[in-house]
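User: I have a structure open and want to know what stands behind the words used for it. Please take the terms one at a time.

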Amino acid sequence: MKIRVLAIACTAGALLLTGCQTKVGTAAIVNGDKISESTLAGYLTPDAKPLQSSNGTGSIAPRTFVLQYLIRSKIFERVLSSNGFPVTDALLNTAKSQALSGSTEDDLTKQVTAIGLSPSFEPVALRYDELYNLIGTKFDAGSDNGARANAALTKTTSDIKVNPRYGSWDAKTLSLADLSKAQLPSFLQFDTTLPGDAPPSQ
C-alpha cells in the first residue's frame, strides 16, 4: 500500500468555496464539521518530512499533506452519501482489502511513521484509501474512464473553509498545493494545465 500524494480532479465549480470564517484553533471546516488545529498537530512529529510529488518536481509539507487527507475524506464521504452510498462500517470493510493491497495495517503504520507522522495517522490513511477506492468502484471508474466519478464530484457541493495560515482551498484539484497532472489518479481526467505543470523557475 502506498501513501497517496495526489488529488481528485473535477471541473470548476464542483465545490462551493466560501470565505474563511474559521475560529481560533480551527484548521478547517468541512460541511460544518470542524478540523481542529490540535487534531492536525497530533498527527505530526518533529521528524515529519516533506513528501515528494510523484513526478519528482516538488514536495508537499507534511502539515498540508495531513490536512488534505482530512478534508478530502470528508468530501469523499459526502460524495458517496449524496449518491446513495451512505458510508457505514460494513461498506468500509468491503473496501479494506483493496485499500491494503496485500499489506497489513502494521505495514501501513510503518509507512506512516517512516515519513515522520504519528502512528495515530494510520487509521486516517486507511480510511482515506477505503473511501477513495469506494468512489472508484461505486461509480465504475475503471470502465468509463472516470466519467461517472467526475460527474458525482461535480454535482456534489461541499462547503470548505480553511484557516488562511494553511493556504486556500483549490476547488478544482481538491488541494492546498500546486499539483501537476502526474499526481492525479489515473481514473479521473483533468484537461486544464495545473500550476505544477509549469517548468520550474531557474
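**Confidence and terms**

Analyst: This is a predicted model. The protein chain has an average pLDDT of 77, and 70% of the residues score at least 70.

User: Which stretches have a pLDDT under 50?

Analyst: Residues 5-22 stay under 50, and so do residues 183-190. The model has 76 contacts beyond four places in sequence for residues 5-22 and 32 for residues 183-190.

User: How do you know that the span of helix α2 agrees with its number of residues?

Analyst: Helix α2 covers residues 62-82, which is 21 residues.

User: What makes α2 mostly covered?

Analyst: A residue is called buried when its relative accessible area is under 20%. In α2, 15 of the 21 residues are buried, so the helix is mostly covered.

User: Why is a set of residues called a nonpolar core?

Analyst: The name applies because its members are buried residues of listed types, such as Val, Leu and Phe, joined through side-chain atoms within 4.5 Å. The largest such core here has 48 residues, and Phe65, Val66, Leu67, Ile71 and Phe121 are those with the most contacts inside it. The largest share, ten residues, comes from α2.

User: Which residues does Val66 touch, leaving out those up to four places away in sequence?

Analyst: Val66 touches Leu40, Tyr43, Leu44, Leu117 and Phe121.

User: What follows α2?

Analyst: Gly84 follows α2, and its phi is positive, near 90°.

Technical notes:
Residues are numbered from 1 along each chain as its sequence is written. This is a predicted model: local features need pLDDT of at least 70, side-chain atom pairs count only at pLDDT 80 or more; totals for chains, interfaces and linings use all residues. Side-chain values use heavy atoms; hydrogens and water are left out. Helices (H or I, at least four residues) and strands (E, at least two) are DSSP runs, numbered from the N terminus. The expected span of a helix is 1.5 Å times one less than its number of residues. Buried means under 20% relative accessible area, exposed over 50%, partly exposed in between (1.4 Å probe, protein chains only). Contact means heavy atoms within 4.5 Å. pLDDT is the predictor's confidence in each residue, from 0 to 100.
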